[in-house]
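The following report looks at how one chain is packed and how two chains meet.

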Amino acid sequence: MKIAVVRFPGSNCDADAYHAARAAGADVTYVWHRSTDLEGADVVVLPGGFSYGDYLRPGAIARFSPVMRAVAEHARSGGPVLGICNGFQILCEAQLLPGTLARNFGLSFVCRPVTVRVESDATPFTARYRVGQELRLPVAHGDGRYVADDATLDRLERGGRVVFRYAGDNPNGAMRDIAGIASEERNVVGMMPHPERAVETLLGSTDGAAVFALAGVAAGV
Amino acid sequence: MTARSRPGDPAITSELVRRHGLNPEEFDRIVAILGREPTYVELGIFSALWSEHCSYKHSRAVLKTLPTTGPQVLQGPGENAGVLRIGDGWAVAFKMESHNHPSAVEPYQGAATGVGGILRDIFTMGARPIALLDSLRFGSLDSPRQRYLCHGVVRGIGDYGNCVGVPTVAGDVVFDPAYEGNPLVNAMCVGLLREEELIRAAAAGPGNPIIVVGARTGRDGIHGAAFASEALAEGTEARRPQVQVGDPFTEKLLIEASLELIASGHIVAIQDMGAAGLTSSSAEMAARGGVGVELDARRVPTREDGMTPYEVLLSESQERMLVVAERGSEQAVEAIARKWELESAVVGRVTDDGLYRVRWGDEVVAEIPGRSLVEGVPARRPEAVEGEAAQARRARPMPPTADRDLGDALERLLDLPTIASKRWVYEQYDTSVQANTVRGPGGDAAVLRVRGTTLGLALTAGSSGRYVWLDPYEGGKAAVAEAARNIAVTGARPLGVTDCLNFGDPEKPDVFYQFREACRGIADACRALETPVTGGNVSFYNESPSGAVLPTPMIGMVGVLADVTTCVPAAFRTTGDALVVLGRCRGELGGSQYLSMVTGETFGAPPSVNLAAERALVAFLVDAAERRLLASAHDVSEGGLAVALVESAVGAAPALGFDVDLSAYARDVAADAALFGEDQARAVVTVDPRHLAALTALAVQHGVPATMVGTVGPVGAAVRVVVRDRRLERPIARLREIYERAVPRRMAGAEGGLPAAAGG
Amino acid sequence: MRRYRGRVRVMPRAGLLDPQGHAVEQALGALGFTGVGRVRVGRTLEIALEADSEQEVRERLREMCERLVANPVTEDFTIDAVEAGP
């Protein structure tokens, strides 16, 4: 099983995602944003960071990178795609996920560990969790407030597409405490917390490791 | 062909020379070096390189007295950053630098560009930046202006560090009216490299091309280096347009491009175009390599039309690097830059004539013996005399304080922003990116693991300006001793120091006395603790119309853990653990936060520093951690033992109470002095009762006094302290609330007029 | 007193680096928009307020910009329009 970690100019959690996926036993490769294919990867990770400095809007410029055409194609054909933090923002800008990530309610960047509840185990990235399981994961973002219109939110809820919800401490004011969502086919997942920073006891939590335990997942889940 | 002035250049008058910050003696020296009057461009070049910021003309003789060597030192002072070996072939590059004056004028950009500059000093050594630290000083948060400055500086540091993906893991923030007109913003960066990857910024190889990589050059901060060497005067407002704007996105690309360039083997040397821009970077690289350079300033890519050679040479536009490449590697260098979406341009060559020559197309606009720029400045030997006021405030007797309610005093101390939790600050920083942060902010020192090894790094930065103000020598010692304790309580062995010496106007004898004596204290402490100083920065002229800041020699320290899993937290861990105080109780209240809180003034002799006791304490803490005897360990510093205990208690999640009897420990000391005295060489540790005997025996072996004073816990319970007939009792939840709310409560609504922050 | 609506434009000061503008400029080029020159990114505020005259509105908007809305060190502002408004 091969995971591609896409690097945009300004990505800065690319190495963390790479190491987390490697630790989970995957064959991992970096794909530069100018690439027009995914080098045969089964799973795509869009890592966190500040692609293009987040200038204009987070993800607004990165969505036009050449690689995004291949990512969209991969997603359309059912391939698993995970966007973490800035990756989530890019997926929303690229309209591979609905809604948007707005400036945090408190207007400040916020970095701290939060508790996140797993709301769906029906995605490739949460298949190894139980619904209702609480995870301790760090957040680190300035624009993490999930916003969508009511109809979209209801559609997400009804379709079981809310994947993660903040439990207790909502660090950014996200609507309905949403921390992560999935596409209609549930193969594309975006999340604001950083599972790749929570894969070792030494660093305080291993709760994120199972996100990357994708053995058995192949293109076209 | 000698250098000529250009049409339109101003005439070289004594007024112009003065405005360039050069005194008549220095100007005469320049004329003697050149054998003629300088051109306007040359005057600008000398002005920049002979400024205090670049030349250390006031401080050089004193800095030479600092210890700089040791088996761990791979690179001492004189390079972009110092480098220490940490084991297994790994090394760390680290340095601290000030950005005080730019931050006073524009807090957001001033702080942001300070972070950008210190990052570049690290990755130009071939090291990947893995951590940032910041030591900040502001006036009282009761003033709207200070809240604005604090808000802007924190946001600026956060936006820059967060965007480049380097975690901000430690530092300190102190609020004191003495910093009212002149905040201190000191940023430290730590980078990791393999020993064999070290690259030095020495130009070599006549004929080798000199290449600018990164952002275009605009009219930013022209004469910033000279500006940093001047006290902030009323007229400073008029200089505002010269502020520089940071671009962390470009910086991130520069990090990647520079590390790839270094790894490629195509380059000989690389340096940040920092203060005084192209001029200082090229002159310093040439001087280190003992070669000459020839630049064509017209080839430098500019952001604005109509820039003059003077402006191109002295611009402080950010996110630019100067590279000396191997001859014939021009295209390879350009290809790497382009891959990272950066511009590059060949702007000159290394020469063998030792001259610093600048062309503007066919014209020669400057031609100066290169060495004279870096070494030719006449040293100043300022007078150093301790002021009478300083002697008087140190000698002033302690007033009676003992009958105060201890619980109320503790609560008021925890509400002081200097002592209170800095969560409001550090939660705006990405503290965990790169996934190496074992212990982030909020404890004594941060601890990072070194991926792929068992090694851990402990990092800290700070200083007590109050102690230095009262007694520069003891204060200098205390700054180093506290840094070493911060490192050692995590279980790490202190390895080396970078310093950032913030003082007032060195031409004032009392200021220079403070500087010289503080450095003597730092030197003695660094020798005793075997932590050589490998680099740093001097920032003079930290004055405003209201006077000089507290003399604040910031100490950044790096320590190493052989096995990062032995690292010890600052927070209590388990109910029932035994509480042990290390070090003696003397009840020293001089210069303490408690004394200032009670009297409204800072005076008295600051706590004396016994370097042998500090050394023993450090050795003991490292030994005990390696044997895994400690459940927690926390340094005793500002606010004394009581504050240290509460910090360890509220740091636990959930908070733990404690029950302590200090009657025996503080036998001959008044209750308030026992609780709030800031006696040095102390730490509070907790230990599983089963290990208590082993710990006590180890303490005896190291000659460290260890007194069991009580027990930890339970969760959510009260804090109880008894000193003979005096009692203090408070619910931990209440103390936690005060400690956590003190800063956010004051900062509420401080935002305003700041540029939008980016956030990913 | 009458109701007005003022529109204020805040732009990065000429000559200062504008990282946002630069990034957008590059991205527009990459998307194939040809002939794009310098791009600068600023912001616009609409401020509703009550005053006696248009001149008073302009004076107050200027004061707001000087004291809060624009960063005096890095930005310039322009009062684009003052309209009678709800």
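## Packing and contacts

In this predicted model, B:Leu414 is in contact, once its neighbours within four places in sequence are left aside, with B:Ile419, B:Ala420, B:Val643, B:Val646, B:Leu735, B:Ile738, B:Tyr739 and B:Ala742. B:Leu414 also belongs to the largest nonpolar core, which has 340 residues, and is one of the members that touch the most others, a group that includes B:Val92, B:Val323, B:Leu459, B:Val480, B:Leu621 and B:Ala649. Helix H20 of chain B, residues 509–529, contributes the largest share of this core, with 11 residues.

Chain B contains 26 helices and 28 strands. Its radius of gyration of 26 Å is close to the 27 Å given by the globule rule for 760 residues, so chain B is as compact as a globular protein of that length. The C-alpha trace of chain B spans about 85 × 55 × 45 Å along its principal axes, and 65% of the 760 residues of the chain count as buried. Among contacts in chain B between residues at least 6 apart in sequence, 85% join residues at least 24 apart.

Where chains A and B meet, 33 residues of chain A are in contact with 29 residues of chain B. On the side of chain A that touches chain B, helix H1 (14–23), strand S6 (110–118) and strand S7 (134–141) each supply at least two residues. The table gives the division of the residues on that side of chain A by class.

| Class | Residues of chain A touching chain B |
|---|---|
| Nonpolar | 15 residues |
| Polar | 11 residues |

Key
Residues are numbered from 1 along each chain as its sequence is written. Chains are lettered from A and ligands numbered from 1 in the order in which they are written. This is a predicted model: local features need pLDDT of at least 70, side-chain atom pairs count only at pLDDT 80 or more; totals for chains, interfaces and linings use all residues. Two residues are in contact if their C-beta atoms, placed from the backbone, lie within 7 Å. Helices (H or I, at least four residues) and strands (E, at least two) are DSSP runs, numbered from the N terminus. Ala, Val, Leu, Ile, Met, Phe, Trp, Tyr, Cys and Pro count as nonpolar, Asp, Glu, Lys and Arg as charged, and the others, Gly among them, as polar. The radius of gyration is taken over C-alpha atoms; the globule rule is 2.2 Å times the number of residues to the power 0.38. A residue is buried if 20 or more other C-beta atoms lie within 10 Å of its own, exposed if 12 or fewer, and partly exposed in between; C-beta atoms are placed from the backbone. A nonpolar core is a set of buried Ala, Val, Leu, Ile, Met, Phe, Trp, Tyr and Cys residues joined through C-beta atoms within 7 Å.
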